[in-house]
Amino acid sequence: QTCALPIYRLNPVEAGEGALEHALRELAAGQPHGSADGGALRCTVERLPDAPAAGPRSDSALEHHLFRMARHWVQAAGERGARHLRMQVRRLPLELVIEDDGASDAGRGAMALRIIAFRCRVLDLALESGPRADGQPGMRLRIAARVSAA
């Protein structure tokens, strides 16, 4: 699957179980999006198993925002020269993890990260960004619903 940034309908995430995952797969299956060095950005989408403990349920509005944030990050990854990008999505509790192999240049992709951070603050979502967890070159972004301790 190859990532793309085509024009999406007004609501790319329809209501229903698995809607965010489906929308992310459509994003990944779009036309090739060139990276900064002229290559294509290859993208995969994986579904993570739900956590055994109940967490906040997602809704289509929240999933719509997560999709838009993922789209910003895909574009930023291409601008940073990424060739591979992996999106992982979990329904319960809602979580989106994106890893790419693009340059960790803070200048490129900084606007996308600011937009994502703003959306996360407004929606009260947890946001983590930084180098990939496996030590490989690239960046990692994690957006998750906050789980309150009960």
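# Briefing: a sheet of strands and its helices

Strand β3 (residues 95-100) is joined by six bridges to strand β5 (residues 139-145), and the two strands run antiparallel. Two strands count as paired if DSSP finds at least two bridges between them, while helices (H or I, at least four residues) and strands (E, at least two) are DSSP runs, numbered from the N terminus. This is a predicted model, in which local features need pLDDT of at least 70 and side-chain atom pairs count only at pLDDT 80 or more, although totals for chains, interfaces and linings use all residues. Residues are numbered from 1 along each chain as its sequence is written, and side-chain values use heavy atoms, with hydrogens and water left out.

**The chain as a whole**

- The chain holds three helices and five strands, and from the N terminus on these elements follow one another as α-β-α-β-β-α-β-β.
- Of the 150 residues in the chain, 45% are buried, where buried means under 20% relative accessible area, exposed means over 50%, and partly exposed lies in between (1.4 Å probe, protein chains only).
- Among contacts between residues at least 6 apart in sequence, 71% join residues at least 24 apart, a contact being a case of heavy atoms within 4.5 Å.

**The sheet**

- Strands of a sheet pair through backbone hydrogen bonds, either parallel or antiparallel.
- The five strands here form an open sheet in the order β1-β2-β3-β5-β4, with mixed pairing.
- The edges are taken by β1 (42-47) and β4 (125-131), each of which has a single partner strand, so one side of each is left without a neighbour in the sheet.
- From one strand to the next, the twist averages 10°.
- β2 and β3 pair in the antiparallel sense over six bridges, and a hairpin joins β2 to β3 through four residues.
- Across this pairing, Met87 stands opposite Ile98 in β3, while on the side of β5, Val97 stands opposite Arg142.

**Strand β3 and Glu99**

- In a regular strand the side chains alternate between the two faces of the sheet.
- In β3, Glu95, Val97 and Glu99 point one way, whereas Leu96, Ile98 and Asp100 point the other way, and all are buried; the strand is thus described as mostly covered, with six of its six residues buried.
- Glu99, which lies in strand β3, counts as buried because its relative accessibility is 9%.
- Glu99 stands opposite Arg140 in β5, and, leaving aside neighbours within four places in sequence, Glu99 is in contact with His84, Leu85, Arg86, Arg132, Ala133, Met139 and Arg140.

**The helices**

- Two packed helices are described by the angle between their axes and the distance between the axes.
- Helix α1 (residues 19-28) and helix α2 (residues 60-79) pack at an angle of about 25°, with their axes 10 Å apart; axes are lines fitted to C-alpha atoms, for helices over the stretch in contact, and angles run from 0 to 180 degrees between N-to-C directions.
- That angle makes α1 roughly parallel to α2, since angles under 35 degrees count as roughly parallel, over 145 as roughly antiparallel, 65 to 115 as roughly perpendicular and the rest as oblique.
- The contact is made by Ala19, Leu20, Ala23, Leu24 and Leu27 of α1 together with Glu63, Leu66, Phe67, Ala70, Arg71 and Val74 of α2.
- α1 is mostly covered, with seven of its ten residues buried, and what covers those buried residues includes β1, α2, β2 and β3.
- α2 packs on the sheet, where it touches β2 (84-90), β3, β4 and β5, and its direction makes about 5° with that of β3.
- Helix α3 (residues 110-123) lies across β4 and β5 and runs at about 155° to β4.

**Two backbone details**

- Most residues other than glycine have a negative phi, and most peptide bonds are trans.
- A cis peptide bond joins Leu92 and Pro93, with omega about -15°, and Pro93 is found in the loop between β2 and β3.
- Asp124, in the loop between α3 and β4, has a phi near 55°, a positive value in a residue other than glycine.
- With a relative accessible area of 49%, Asp124 is partly exposed.
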